[in-house]
Amino acid sequence: MNSSHTYNTCSLLNNSLTITTHAHIKPCCRFGYSKNGPHVDNMGVDNILLSETWKEYREKMKTDSLSQCSICYYAEENHNTSLRMTMNESNSYLGQEIDKIEGKLELLEVNISNLCNLQCRSCGPTCSTSWFDDAKLIDATIPFKLSQLNEYESKKIEFIKQLDLSNLKILKLLGGETFYPNALLRMFSMLDQKIKFENVSLLIYTNCTFFPLDEIIDKLLTFVKICLRLSLDATKELNDYIRSGSNWSTIEKVADRWIELAKHNHNLDVGVACTESILNTSNMNELESWTTKKQISLMKNKLIQPSFLRHDLFENGTEADKEKFKTVMKFLDKKYDITLEKINPMLWKFIYELEN
Ligand code: SF4
Ligand code: SF4
């Protein structure tokens with residue numbers, strides 16, 4: 001084990017599973033994986049957490065570095081808090097006591113579908129179908145054909161249907177945009193046969209571009225605790241710039257409806273999850289003021305990928321990343337008829353000065 005690493009174990013290797021957009025199975029969202037790694041097509045549902053693959057993960061971490069966990073190692077080497085530090089050090093999460101016993105599935109994270117109406121600048125085709133046409137621009141791979149969207153969603157539902165969820169305490173649901181009704185209602189309907197919602201805490205994300213159907217709200221409120229995270233990176237025009245395809249006035253109206261709902265339902269906690277990148281790092285105070293005014297929490301995560309948008313791009317980024325930044329911004333500025341010069345003149349000036 002590298003001496004700068006904080007632990008040689010991770011509780012998520014014992015008690016957690018993540019099912020990705022394209023149906024790969026991993027211990028957590030940060031875990032790197034290969035194309036040929038565990039997938040719903042090649043993994044039996046008999047306790048995955050006790051499978052040879054998961055045993056090997058745990059053994060490798062005890063004695064060596066587990067290469068798939070490089071995100072956590074990187075955080076620890078840089079004296080930041082890694083996900084495994086958070087999970088190892090806490091015995092409760094989202095209001096639930098966590099046992100962390102090997103083989104007992106307590107946390108399940110599912111990327112329901114990557115169907116999304118936005119093309120956020122920090123995103124890509126793995127998470128958003130709106131990026132499919134422009135995947136080449138960011139050297140990304142399209143996870144599957146658009147026509148296979150329903151097939152992948154169904155595969156995941158069928159797989160989860162067969163898992164032992166008797167110990168489940170935390171369910172995390174992600175998109176794409178999570179609140180598109182068809183996929184979410186199908187997921188809820190399957191889960192209804194498997195778990196008691198009143199015993200499980202739900203962590204769920206939305207891009208806040210529309211308010212869900214009543215049917216979904218009714219179901220949502222049956223979870224013992226719901227942590228709803230609005231994925232927002234800035235306010236006003238900068239929001240519209242970063243989260244291409246969105247409109248701040250709509251977002252604020254939808255956010256207000258969620259906040260109002262939380263006032264009448266104390267099991268609903270509304271907060272903002274923000275990704276800090278080169279595009280918003282100097283404007284954080286505006287989002288902070290907005291969340292303070294709305295009396296909701298703000299959780300900031302520094303962007304790691306794509307590297308051409310990292311918050312310290314101009315101090316520490318590579319020349320290739322700086323070039324990529326300019327190419328991608330120029331392309332999306334034209335596509336969405338919005339310019340960096342207008343939205344963030346200081347950043348634009350900085351780039352312009354670098355060019356000349
Ligand atoms: S060490 Fe980090 S990346 Fe690896 S399983 Fe734990 S939380 Fe996930
Ligand atoms: S809303 Fe989420 S999934 Fe959609 S493009 Fe933005 S970051 Fe990606």
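Visitor: Which residues come nearest to ligand 1?
Guide: C10, C28, C69, C72 and R84, out of 13 residues around ligand 1. A residue counts as near if its C-beta atom, placed from the backbone, lies within 6 Å of the molecule. This is a predicted model: local features need pLDDT of at least 70, side-chain atom pairs count only at pLDDT 80 or more, and totals for chains, interfaces and linings use all residues. Residues are numbered from 1 along each chain as its sequence is written, while chains are lettered from A and ligands numbered from 1 in the order in which they are written.

Visitor: Which elements give two or more residues to that ligand 1 shell?
Guide: α1 (12–15), α3 (70–77) and α4 (83–89). Helices (H or I, at least four residues) and strands (E, at least two) are DSSP runs, numbered from the N terminus.

Visitor: How do the residues around ligand 1 divide?
Guide: 10 nonpolar, 1 polar and 2 charged. Ala, Val, Leu, Ile, Met, Phe, Trp, Tyr, Cys and Pro count as nonpolar, Asp, Glu, Lys and Arg as charged, and the others, Gly among them, as polar.

Visitor: And ligand 2, which residues are closest?
Guide: C116, C120, C123, S128 and N207, with 13 residues surrounding ligand 2. That shell has 5 nonpolar, 6 polar and 2 charged residues.

Visitor: New topic. What are the domains?
Guide: Domain 1 (1–105) and domain 2 (106–307). The bounds come from an automatic or database domain assignment. Their C-alpha centres lie 22 Å apart.

Visitor: How many residues of each are in contact?
Guide: 22 of domain 1 with 28 of domain 2. Contact means C-beta atoms, placed from the backbone, within 7 Å.

Visitor: What gives the largest share on the domain 1 side?
Guide: Strand β1 (residues 16–19), with 4 residues.

Methods:
Contact = placed C-beta atoms within 7 Å.
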